[in-house]
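Dear colleague,

Please read it alongside the coordinates.

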Amino acid sequence: MSRRIVVRRHGGPEALEIESFEPGRPGPGEVLLRQTAIGLNFIDTYFRTGLYPAPAGLPFTPGNEAAGVVEAVGDGVTDLKPGQRVAYAGALGAYADRRLVPARALVPLPDGVSDEQAAAMMLKGMTAQYLLRQTYVVKPGDTILFHAAAGGVGLIACQWAKLLGATVIGTVGSEDKAELARAHGCDHVILYKDEDLAARVEEITGGKGVPVVYDGVGKATFMASLDCLKPRGLMVSFGNASGAVDPISPVILSQKGSLYLTRPTLFTYTSTRDELLATAGDLLDVVGSGKVRIEIHQRFPLAQAADAHRALEGRGTTGSTVLIP
């Protein structure tokens, strides 16, 4: 029998329960995957609490990314084979030691990327890719603002933005995280709880503001982020770590300089197989080359998923965290 985490009712970390189950054999277009590492992401907490409803309702197994080895393939699967190492992001149900996965969601892994690296980076790293390379195309000479610079997405994105030639301003919540952010590409670090965010950005940019703000924090930083933008700047709100953003009037965007606002998702940017492979391929290239480092700072047994959620929501983690089946 295999094991998985199941959510039968929305709530706190205690809603994560472990159970035995039989994943079955893969059907047409499916793969049976033996998972070796599972990524932990803040979006997992949104599904657990019900902020994001699971497509099939309750009960469900959370988790959106993992890596492992193909055990069997179903009819029609021709580009994957048993024994092949693969990873995925965006297929709900990752908190398990074995599972069925649509083959179209799986990305083959090169030898230069480990299973743990892949599990820790697929969702966060592809998020960084679409933010920096598609939502707003970061160019040499740009100065950008990235919130939660010491978080899982932030550590990848700040390294990558620096590689692209940007000056990177990162925000963090503590001095320890500030040091971590500086070591991963941040030229300037702001302790957003202790400093006036907009004033510091104005000082750093010589009064110009930044062309783009990447904000995965949400409620606590949203309005101050708007004040950091130059006229016609782009506000990219891609997460709610501090809570959902309150509704705003579009007039605020005009008052603050004809600003643009977008709320993108990885799933939109990788909705086709070609888009997925291109986004993942870009990520695997920069990680495999060693130009962007994936550092796993926390590991929890799958059975301790609730403890992992407590650490994540309590701001007790940095970088990437993986669950080990």
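The axes of helix α2 (residues 115–135) and helix α3 (residues 152–163) come within 9 Å of each other and cross at roughly 45°, where axes are lines fitted to C-alpha atoms, for helices over the stretch in contact, and angles run from 0 to 180 degrees between N-to-C directions. Helices here are DSSP runs of H or I with at least four residues and strands are runs of E with at least two, numbered from the N terminus. α2 and α3 are therefore oblique to each other, given that angles under 35 degrees count as roughly parallel, over 145 as roughly antiparallel, 65 to 115 as roughly perpendicular and the rest as oblique.

This is a predicted model, in which local features need pLDDT of at least 70 and side-chain atom pairs count only at pLDDT 80 or more, while totals for chains, interfaces and linings use all residues. Residues are numbered from 1 along each chain as its sequence is written, and side-chain values use heavy atoms, with hydrogens and water left out.

In the contact between the two helices (heavy atoms within 4.5 Å), M121, K124, G125, T127, A128, Q129, L132 and R133 of α2 meet G152, V153, I156, A157, W160 and A161 of α3.

Turning to the strands, an open sheet of six has the order β10-β9-β8-β11-β12-β13 with parallel pairing, two strands being paired if DSSP finds at least two bridges between them. Its edge strands, β10 (188–191) and β13 (260–262), each pair on one side only, and the twist averages 15° from one strand to the next. α3 packs on this sheet, where it touches β8 (143–146) and β9 (167–172), and its direction makes about 175° with that of β8. Helix α4 (residues 175–182), for its part, lies across β9 and β10 and runs at about 160° to β10.

Within the sheet, β8 and β9 run parallel and are joined by four bridges, with F146 standing opposite G170 in β9. Five of the six residues of β9 are buried (under 20% relative accessible area, with exposed over 50% and partly exposed in between, for a 1.4 Å probe and protein chains only), so β9 is largely enclosed by the rest of the structure. Three bridges join β12 (residues 229–237) to β13, again in parallel, and the bridge partner of L234 in β13 is Y260.

Elsewhere, strand β3 (residues 30–39) runs antiparallel to β6 and is joined to it by five bridges, with L32 opposite L100 in β6.

Best regards
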